[in-house]
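Subject: Structure for your review

Dear colleague,

Please find below the structure that I am handing over to you. I would be grateful if you would look at the chain on screen while reading the notes that come after.

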Amino acid sequence: MTPEFNLIKNHFTRPTRHTNLGVGDDAALISISNGMELAISADMLVAGTHFFADCDAQQLGWKSLAVNISDMAAMGANAKWATLAIALPEVNEPWLAEFSRGFFACADAFNVDLIGGDTTRGPLTISVQIMGEVPIGQAIKRSGAQLGDDIWVSGKLGSAALGLAHLQGKIELENDALRASIHALHSPAPRATLGLALRGIATSCIDISDGLLADLGHVLKASNLGATLDLEKIPCIDLLKNSLENPQFQAFILAGGDDYELCFTAPTSKRETINLLSKQLNIPITCIASTRMDTGLQACYKNNKITLLKPGFDHFA
């Protein structure tokens, strides 16, 4: 057996739960449940762009799958299958063992099968394709927001960007703020149960990966609507909440990205349902604004418009 196939056998081959044929053949075979359609997404993580080359391999394994499951959650889809293509500078067995441990810990937590992929030599790059099921006609799209809908976000925003700034030496954190922000950056928790529960409730949805302004902007553009955000209404950890006048911290909350929380719209008639859902799932869900007729998105703090150099992460900016 060649070194490449040994690598696959030792680190990425394991029994599957809802797959007809998985790793080890030229292609995987899966069957879609009756009444369902397939939701498919892909995401790439590149060393030096999305993560530090010397970051913890187990955390990277978790995150590489978690950010894809988050895409499924945003569509109201149940993630079931994933493929993994990985470029490696060299075969580092201890690193691969830790990476696969984190990857499969996430797969187990969200009941996802790894069904195939590819390996090659090159700059460290991780590409995951995720597939899931959603009842026909029930996928939550970006284009469905309606005039006067409430705009909601799950969890707290800005923590991952805060953690990244600490690691880059731009700020210095300690104690609870340090732990919370580093955990948010390296170990995002995709809101899979919330995404499924929002079917029939949310009119549109997106996961916040590039920053709230950028991602909510995609929803509003697709729905031909606008909104104005009040920074004080956006949920965040105490360190950020107590520093809202700081432009750097404003950018963490509004445009930092890597939050992997859900931002969705829903009719005002659904407020009680959503608040009950928040309690049932033990997930903070906060109403931050409402959609308006004129297009565009802006944020304000104490009635003053906030102007950022970048509304969110852009690979080519």
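This is a predicted model: local features need pLDDT of at least 70, side-chain atom pairs count only at pLDDT 80 or more; totals for chains, interfaces and linings use all residues.

The whole chain

The chain contains 10 helices and 11 strands. Its C-alpha atoms occupy a box of roughly 65 × 50 × 35 Å along the principal axes. A compact globule of 317 residues would have a radius of gyration near 20 Å, and the chain agrees with this because its own value is 20 Å. Of the 317 residues, 48% count as buried. Among the contacts in the chain with a separation of 6 or more, 85% are between residues 24 or more positions apart.

The surface and the charges

The accessible surface of the chain comes to about 15,200 Å². Carbon and sulfur atoms contribute 51% of that surface. As for charge, there are 24 positive and 33 negative side chains. The centres of these two sets lie 6 Å apart.

The aromatic rings

Rings count as a pair if their centres lie within 6.5 Å, and the count for this chain comes to six aromatic pairs. One of them joins Phe-103 and Phe-104, with 5.7 Å from centre to centre and 85 degrees between the planes, an edge-to-face arrangement. Phe-103 and Phe-104 are both buried. These two residues also belong to an aromatic cluster, together with Trp-95 and Phe-99.

How are the rings of Phe-249 and Phe-252 arranged? Their centres are 5.5 Å apart and their planes stand at 35 degrees, so this pair is tilted. The angle falls between the limits, since planes under 30 degrees apart count as stacked and those over 60 as edge-to-face. Both residues lie in helix H9, which covers residues 247-255. They are three residues apart there, about one turn of the helix. Phe-249 and Phe-252 are buried.

Is Ala-97 buried, partly exposed or exposed? Ala-97 has a relative accessibility of 26%, and therefore counts as partly exposed: buried would require under 20%, and exposed over 50%. Ala-97 is part of helix H3, which covers residues 93-109. Between Ala-97 and Asn-68 there are 29 residues in sequence and 21 Å in space, taken from C-alpha to C-alpha.

Yours sincerely,
A colleague

Key: Residues are numbered from 1 along each chain as its sequence is written. Side-chain values use heavy atoms; hydrogens and water are left out. Helices (H or I, at least four residues) and strands (E, at least two) are DSSP runs, numbered from the N terminus. The radius of gyration is taken over C-alpha atoms; the globule rule is 2.2 Å times the number of residues to the power 0.38. Buried means under 20% relative accessible area, exposed over 50%, partly exposed in between (1.4 Å probe, protein chains only). Contact means heavy atoms within 4.5 Å. Accessible areas come from the Shrake-Rupley method with a 1.4 Å probe; for residues, only the protein chains shown count as cover. Lys and Arg count as positive and Asp and Glu as negative; His and the chain ends are not counted. The place of a charge is taken as NZ of Lys, CZ of Arg, CG of Asp or CD of Glu.
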